[in-house]
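Hi,

Here is the structure I promised to pass on. Have a look at it first, and then read my notes below.

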Amino acid sequence: MSVIEELQTAVASIAERAGPSIVGIGRGTRGSGVVLASGKVLTNAHNLRGDEVTVTFADGRRTRGIVAGWDGDGDLAVIDVDTTGATPVTWADGTDLSVGTAVFGASASHGGGTRVTFGLVSAIARAFRGPGGRRIEGSVEHTAPLAPGSSGGALLNATGQLVGINTNRIGEGFYLAIPADDELRSRITALGRGESPSVVRLGVAIAPSHVARRLRRSVGLPDRGGVLVRGVEDGSLADAAGIEAGDLIVSAAGRDISDADDLFDALASASQPFEVGIVRGAEERSVSVGSAAGRTPGDA
């Protein structure tokens with residue numbers, strides 16, 4: 001059997017084996033999802049627009065699901081839905097992927113049915129920013145082509161077992177997947193129980209550090225590390241604390257802030273209330289941020 005024939009056989013086999021595990025998320029197939037177990041579907045958080053969502057199964061059946069758990073920073077969500085007739089995905093024993101490993105992308109197509117594509121792992125331990133701006137570490141880069149609406153679908157090995165959740169497109173022909181390792185199992189188990197992570201959300205839109213430095217130099221202010229506030233959400237913690245657009249955040253919860261990742265890390269571990277150090281013009285001051293937590297996605 002030729003290499004092409006072997007590949008054709010592998011794609012057909014995976015489509016038959018994994019197809020019933022793949023679902024469409026949202027009307028018009030906004031994204032894809034994976035049947036984890038009876039009554040549970042995993043998808044990307046960015047595919048959702050509320051607490052309810054339309055789920056379309058591979059056989060064309062369409063029904064409404066309820067979001068059980070939502071993690072905007074990790075870009076994951078678990079949906080409670082009637083999965084009758086759908087086969088749960090089989091997890092690989094491990095995710096020992098390396099550059100050159102053959103992988104297959106499985107995603108929903110509009111109106112039902114599963115799309116399967118072939119590619120190779122092109123890099124490992126990559127990082128990207130989730131919908132809330134936080135870095136998602138340890139992702140797998142691969143070349144299995146993914147059409148719009150594929151995020152949240154499965155990355156599979158040559159035997160049709162789950163090795164990742166396709167999440168992000170990074171340019172022409174390259175894609176990133178969250179690895180289906182023990183950490184992912186633990187996170188989605190908690191989400192399935194309704195345990196959504198509760199993270200402090202300051203409620204600001206921020207500019208990169210180099211933008212802040214350039215703007216401060218342009219108006220004759222001293223150079224200073226930090227993140228520039230581009231806007232403040234009405235009613236947010238930042239708004240209540242008196243933080244304004246144009247302020248430079250230089251510390252939060254006892255940590256020095258030099259870039260967006262520093263700020264996200266500080267907020268992730270902050271106990272409320274906490275202090276935020278800002279520079280307004282040439283004046284440095286500290287403001288107290290009160291207690292509130294939410295699960296709504298945002299910049300910071």
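This is a predicted model: local features need pLDDT of at least 70, side-chain atom pairs count only at pLDDT 80 or more; totals for chains, interfaces and linings use all residues.

Let's start with the barrel: 6 strands close up in the order β7-β8-β9-β12-β11-β10, with antiparallel pairing. From one strand to the next, the twist averages 50 degrees. (That angle runs from 0 to 180 degrees between N-to-C directions, with axes as lines fitted to C-alpha atoms.) Two strands count as paired if DSSP finds at least two bridges between them. Strands of a sheet pair through backbone hydrogen bonds, either parallel or antiparallel.

Residues are numbered from 1 along each chain as its sequence is written, and side-chain values use heavy atoms, leaving out hydrogens and water.

Now the whole chain. It has 5 helices and 18 strands, which are DSSP runs numbered from the N terminus (H or I and at least four residues for helices, E and at least two for strands). Its C-alpha atoms fill a box of roughly 70 × 40 × 30 Å along the principal axes. Of the 300 residues, 48% are buried; buried means under 20% relative accessible area, exposed means over 50%, and partly exposed is in between (1.4 Å probe, protein chains only). The chain exposes about 13,300 Å², and carbon and sulfur atoms supply 49% of that (Shrake-Rupley method, 1.4 Å probe).

How far apart in sequence are the residues that touch? Looking at contacts (heavy atoms within 4.5 Å) between residues at least 6 apart, 59% join residues at least 24 apart.

My next stop was β17 (274-280). It is mostly covered, with 5 of its 7 residues buried. On one side of the story is β15 (248-252), which pairs with β17 in the antiparallel sense over 4 bridges; A252 stands opposite V276 there. β17 is also joined to β18 (residues 283-289) by 7 bridges, again antiparallel, and I278 stands opposite R285. β17 and β18 form a hairpin with 2 residues between them, and G281 in the turn has a positive phi of about 70 degrees.

P273 sits in the loop between α5 (260-269) and β17.

Finally, two residues have a positive phi without being glycine. D75 has a phi of about 55 degrees and lies in the loop between β5 (62-71) and β6 (76-80). A253 has a phi near 50 degrees and is found in the loop between β15 and β16 (255-256). Are they buried or exposed? D75 counts as buried, at 3% relative accessibility, whereas A253 is partly exposed, with a relative accessible area of 32%.

Cheers
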